[in-house]
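Dear colleague,

I am handing over the structure we spoke about, and my notes on its charged side chains follow below it. Please keep it open while you read.

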Amino acid sequence: GYFAPVYRSASVACGASRAIFGRLSDCHFCSGDLMTALTELLHFDRQTQALGQVSGRLGWDQETMMPSGSSAQRGEEMAALEGVLHARRSDPRVGDWLAACDGQAFDRVTQAQLREIKTAYERAVKVPGDLAEAIASTTSMAQGKWAAARAEDDFAAFAPVLQEVLALKREEGQALAAGGDVYDAMLADYEPGTTASELDQMFGALRPGLVALRGEILEKPPAKSLQGFFDETVQLQIASELAQCFGYDLNCGRIDKAVHPFSSGSGQDVRITTRTDPSDPFNCFYSTIHEVGHGCYEQNVDPEYTLTAIGQGASMGVHESQSRIYENQLGRSRAFTEFLFAKMRAGFGDFGIESADEFYKAVNSVRNGFIRTEADEVQYNLHVLLRFDLERAMIAGDLQVQDLQSAWNDRFAADFGYEVPRASQGCLQDVHWSVGLFGYFPTYSLGNVYAGCLFERMTALNPDLDDQLRVGDLSKATAWLKESLQRHGALNLPRETITQACGAVPSEAPLLAYLQDKFSDLYDLSL
């Protein structure tokens, strides 16, 4: 799954709460002219943020409820709205208002808002309006063509529109980079302050340990599989119960079905999607828990920040840390799977698993597979690193679109040791490139690294965590995440957000230690 962002650079919302205005009006340094500039800037940006949320809702509708024949018109609608948004984001008055506020000793919250607004404005003025509209229109159309090509396993049918998207995004990246690294400029939309070379170093440290662990595990007998038919209505009922168990507020959200699960929205309207498979309820349950992690992050941002530039997640990597810690460290733990086992037995009866221990092994089974979103914790990051390397090569011009499928298949065979049989299990499985999300994929693995750091800190502070999870009580775990990370939104930069929550600079070491401990126990390894 993924969190469907209105670009952080587009989220240039104002601070509308009375609390913020109250602080400003009490500042001795706030002259009349300064207060006018600040008030006008915040009001203007509040409207921009609201329009950005409307655009996001159109995207949600496109993936969940829009009639299949509506894609062309929807593309035109989204392009028109993007034109309005781009004009607002690049409005010269924003630059004037920011200049009037520059250098003033505002409080921390206001400084963070102005930081995000300035970043957004500087990005917007670099991208021509007609290019922004072309990207919105083309990616809307490309999304429908991707879905059709995926259904037909026909990469050749998708390649031409992907080439159009790539050309437009490369042009955008060049404008943003202003002579610098184009991929880094794209990455900044999702993970500010991080470079591809830094990720290369971190991922390079991850890879050997993951490969070694994977090799040890696959030499062991596989875990038992679930057997039987799992009614999709019951799956969705249990999924809804799990969502609420993890703290998702259905009064301000909803759960729908989509081909590719995702989450969107912020504040009082945060929506998630899931999918069902009558032979695999884990797909539904863990997609739901994953998206609930995204959704709860957005729902738990301090209400004072709603519809402001900091009223959202700090980055896609930080966002992914929430979805992954909900799904894996909590949702796939031995303790919580005892709770889920009982719930599934009540809902489905006998499904071929006799004990909670067997069920835990089934939930965490490591076996060959093609689909990133269905991959186990050990192999997941190998799927992400493949995409990271391929998209960097496409952006750099070292890999042509027409060669993508063969390059994907060659890399997959090298990493996993077997061949990709069809495009829907290979380069057509993800929606991301069709909608122009170049630079997004590496944040998945970065999120796993962050989740490892957070879980290490959580368990140190809460030694009785397993006792709570065993009865389906997530309240203390999610409350700690809310208080230490989620409520702050984008108040701090991403790495600072994680460092503050964990009490240490993030590294890959806690994730590797967690995986080695967990799977050595599961598979009786010597590692």
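Which residue forms a salt bridge with Arg-487? The partner is Glu-483, and the closest N and O atoms of the two are 3.1 Å apart. (A salt bridge here is a side-chain nitrogen of Lys or Arg within 4 Å of a carboxyl oxygen of Asp or Glu.) Arg-487 counts as partly exposed because its relative accessibility is 30%, and Glu-483 is partly exposed as well, with a relative accessible area of 46%; buried means under 20% relative accessible area, exposed over 50%, and partly exposed in between, with a 1.4 Å probe and protein chains only.

Please note that this is a predicted model, in which local features need pLDDT of at least 70 and side-chain atom pairs count only at pLDDT 80 or more, while totals for chains, interfaces and linings use all residues. Residues are numbered from 1 along each chain as its sequence is written, and side-chain values use heavy atoms, with hydrogens and water left out.

The structure holds 29 salt bridges. One of them joins Glu-172 to Arg-123, with 3.2 Å between the closest N and O atoms; this pair links distant parts of the chain, since Glu-172 sits in helix H7 (residues 155-177) and Arg-123 in helix H5 (residues 108-126), 49 residues apart. (Helices are DSSP runs of H or I with at least four residues, numbered from the N terminus.) Both Glu-172 and Arg-123 are buried, and they belong to a network of salt bridges that also includes Lys-169 and Asp-189.

Best wishes

Notes: Helices (H or I, at least four residues) and strands (E, at least two) are DSSP runs, numbered from the N terminus.
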